[in-house]
Amino acid sequence: MQNWALWSPRLLSVLRIIAALLFMEHGLMKLFHFPAPQPGVPDPLPTLLMAAAWIEVVGGALLALGLFTRPVAFLCAGEMAVAYFIGHATKTFWPALNGGDAAILFCFVFLYISAAGGGAWSADAMRGRAPSA
């Protein structure tokens, strides 16, 4: 039987990296229309969406690297909670109908990462700032 405890910090890193890159893509779509403009987002961006986009790009990059993982993940989780309640929950209660299911998932994945850390494959772990297990 495989030692699953050995893989836990590694898979935490994989979750962190993939979630961060997907998160960063949303900010890139808002700011630079890359790989395409984000559907339903006004152009030019209002101030609140501009702030959200920069949190998504910079926070996503830092999380992908695993640098300052815990505070950055907590900030990104907060941004997603605000995004859900301002941009989605006002439409209808059901997340699948109001388009907020991704915001909820990002929020709770980042909240978990803020508590668990960046995992074995993170800049924080390499710098000795976070436990690797």
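User: Contact here means heavy atoms within 4.5 Å. With that in hand, which residues in α1 meet which in α2?

Analyst: Happy to walk you through it; keep in mind that this is a predicted model. From α1 the list is R16, I17, A20, L21, F23, M24, H26, G27, L28, K30, L31 and F32. Their partners in α2 are L49, M50, A53, W54, I55, E56, V57, G60, A61, L63, A64 and L65. By class, this contact has 18 nonpolar, three polar and three charged residues.

User: Where do the two helices run, and at what angle do their axes cross?

Analyst: Helix α1 covers residues 4–32 and helix α2 covers residues 47–65. Their axes come within 7 Å and cross at roughly 150°. Angles over 145 degrees count as roughly antiparallel, and α1 and α2 are therefore roughly antiparallel to each other. The crossing of α1 past α2 is left-handed.

User: Let's zoom in on L28. Which residues is it in contact with, leaving aside its neighbours within four places in sequence?

Analyst: L28 sits in helix α1, and with those neighbours set aside it touches H33, F34 and V57. L28 and V57 are 29 residues apart along the chain, with 6.3 Å between their C-alpha atoms.

User: And where is the place of H33?

Analyst: H33 belongs to the loop between α1 and α2. There's something to notice in its backbone: H33 is not a glycine, yet it has a positive phi of about 55°. For background, most residues other than glycine have a negative phi, and most peptide bonds are trans.

User: Speaking of peptide bonds, which residues does a cis one join?

Analyst: F34 and P35 are joined by a cis peptide bond, with omega about 0°. Another cis peptide bond links D43 to P44, and there omega is about 10°. P35 lies in the loop between α1 and α2, and P44 has its place in that loop too.

User: Switching topic: what volume does the largest pocket have?

Analyst: Its volume is about 630 Å³. There are 27 residues lining the largest pocket, and the closest to its centre are K30, L49, E56, A83 and H88.

User: How can anyone tell where empty space is left?

Analyst: You roll a probe the size of a water molecule over the atoms, and that shows where empty space is left.

User: Last one: what about the axes of α1 and α5?

Analyst: Those axes come within 11 Å and cross at roughly 135°, which makes α1 oblique to α5. The passage of α1 by α5 is a left-handed crossing. L12, L15, R16, A19, A20, L22, F23 and H26 in α1 meet F106, V109, F110, Y112, I113 and A116 in α5. Sorted by class, those residues divide into twelve nonpolar, one polar and one charged.

Technical notes:
Residues are numbered from 1 along each chain as its sequence is written. This is a predicted model: local features need pLDDT of at least 70, side-chain atom pairs count only at pLDDT 80 or more; totals for chains, interfaces and linings use all residues. Side-chain values use heavy atoms; hydrogens and water are left out. Axes are lines fitted to C-alpha atoms, for helices over the stretch in contact, and angles run from 0 to 180 degrees between N-to-C directions. Helices (H or I, at least four residues) and strands (E, at least two) are DSSP runs, numbered from the N terminus. Angles under 35 degrees count as roughly parallel, over 145 as roughly antiparallel, 65 to 115 as roughly perpendicular and the rest as oblique. A crossing is left-handed if the near helix is turned anticlockwise from the far one by less than a right angle, and right-handed if clockwise. Ala, Val, Leu, Ile, Met, Phe, Trp, Tyr, Cys and Pro count as nonpolar, Asp, Glu, Lys and Arg as charged, and the others, Gly among them, as polar. On a 1 Å grid over the protein atoms alone, a cavity is a set of points where a 1.4 Å probe fits but cannot get out, and a pocket is an open set with protein on both sides within 12 Å along at least five of seven lines; lining residues have an atom within 4 Å of a point. Grid points are joined across faces, edges and corners, and a volume is the space filled by probe spheres set on the points.
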